[in-house]
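This briefing concerns the strand order, the helix packing and the nonpolar cores of one model. Please read it beside the sequence and the 3D view.

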Amino acid sequence: MAKNGQWRLRTRPDGMVSEANFEFVQEPVPEPAEGQVLVRNLYLSFDPAMRGWINDVKSYVPPVQIGEVMRASAVGQVLRSRHADFAEGDLVTGLFGWQEFALCDPQRGGALGAPAKLPPGAAPELALSVLGATGLTAYFGILDIGELREGDAVLVSGAAGATGSVAAQIARLRGASKVVGIAGGPRKCAWLRDEAGLDAAIDYRAGSVSRRLREEFPRGVDLFFDNVGGEILDAALLNMAERGRIVLCGAISQYNDEKLPPGPRNYMQIVIRRLTLRGFIVIDHMKRAPQAVAELARWVAEGGMAHAEDIQQGIENVPATFLRLFDGSNLGKQLLKLADAQASPGSAGA
Ligand code: NAP
């Protein structure tokens, strides 16, 4: 009988998440009941927010419970359907989790989320990256929350990642006077300059970020899109223009901290420079997703938006792939491939 390999949450991390926090189990591939569909996962998405989902704290989604399949976005293919709206072979996306096969109930969503069909011709990798949640986060973050204006001097941290790389390029495409990215290491900085077309890149591991910001922004930063928090946010606060705006997208530098550090040291700069800081969560903006995806897809098709995907392979490498987000191994969107789409999926495996 075909097996469904799954990674379940074994223990909650104390500080840095490790592979030992998860355990691998195999179960028989389930049969869909009336109204359900069975999906074979093709690509898993890895998102820093997943680190927060395994803390036992109140957040914008309930925590993953010990023993549950780790929650994760994925693109899969319908293998068997007992639901009128889904046919075998359909490509779908949803919160299908760290497993090879997911049982979904489109009516109720279920623990692992309702599937949504991919638009015809959509590439699974892009549906999880520039045309998926991270692309949308960048889009709504820089345009709606940051209210990007033509001529803005823009700074993006975590700039070579899935969200940051798109945010920085939207700023470039929508008339920023200057766009600078902060990223870790020469490979990422070269990609930002040579592929993503940024004006400059700052390697935060190679020296004082504050000094480099003073050089790049003598008149200050009008709009800062922050994915990192901590020291990087502190350096940016010292280099903002008067009435500058800061989009608080995430603070990955703190996601594995057992004990949170004290707040920004340069907090008073918010007052002195009359800054506006705004946080947001992408799921609150999904009504406008079709319009945003259409514009992002056009930029990609016209060659104006560079994108990178780091694609690892194999169910056995799932937890190790998650850790890549936190040591900076990934350039662009972190994915893991489990299977190829099949022409006639019903005959392909389970
Ligand atoms: P990503 O940027 O593709 O990957 C994470 C990157 O973060 C790593 O490659 C690494 O790049 C950097 N990083 C990791 N640990 C760090 C540390 N201690 N200090 C500084 N940089 C560190 O991931 P993503 O999915 O696009 O997410 C980026 C940010 O957006 C995260 O903060 C995430 O929580 C946030 N986000 C928010 C929303 C929302 O709705 N608000 C939605 C999606 C994502 P370097 O090598 O450059 O350090």
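Which helix lies across β9 and β10, and at about what angle to β10 does this helix run? Helix α5 (residues 186–194) lies across both strands, running at about 170° to β10. The model is predicted, so that local features need pLDDT of at least 70 and side-chain atom pairs count only at pLDDT 80 or more, while totals for chains, interfaces and linings use all residues. Residues are numbered from 1 along each chain as its sequence is written, and side-chain values use heavy atoms, with hydrogens and water left out.

**Sheet**
- Six strands form an open sheet with parallel pairing in the order β10-β9-β8-β11-β12-β13, where strands (E, at least two residues) and helices (H or I, at least four) are DSSP runs numbered from the N terminus, and pairing requires at least two DSSP bridges.
- Its edge strands, each pairing on one side only, are β10 (200–203) and β13 (276–279).
- Strands β8 (residues 153–157) and β11 (residues 221–226) run parallel and are joined by three bridges, with V156 standing opposite F225 in β11.

**Helix packing**
- Helix α7 (residues 230–237) packs on the sheet, touching (heavy atoms within 4.5 Å) β8, β9, β11 and β12.
- The direction of α7 makes about 170° with that of β11, angles running from 0 to 180 degrees between N-to-C directions of axes fitted to C-alpha atoms, for helices over the stretch in contact.

**Nonpolar core**
- The largest nonpolar core has 42 residues, a core being a set of buried Ala, Val, Leu, Ile, Met, Phe, Trp, Tyr and Cys residues joined through side-chain atoms within 4.5 Å, and buried meaning under 20% relative accessible area with a 1.4 Å probe, protein chains only.
- Helix α3 gives the most to this core, with seven residues.

Methods: Buried means under 20% relative accessible area, exposed over 50%, partly exposed in between (1.4 Å probe, protein chains only).
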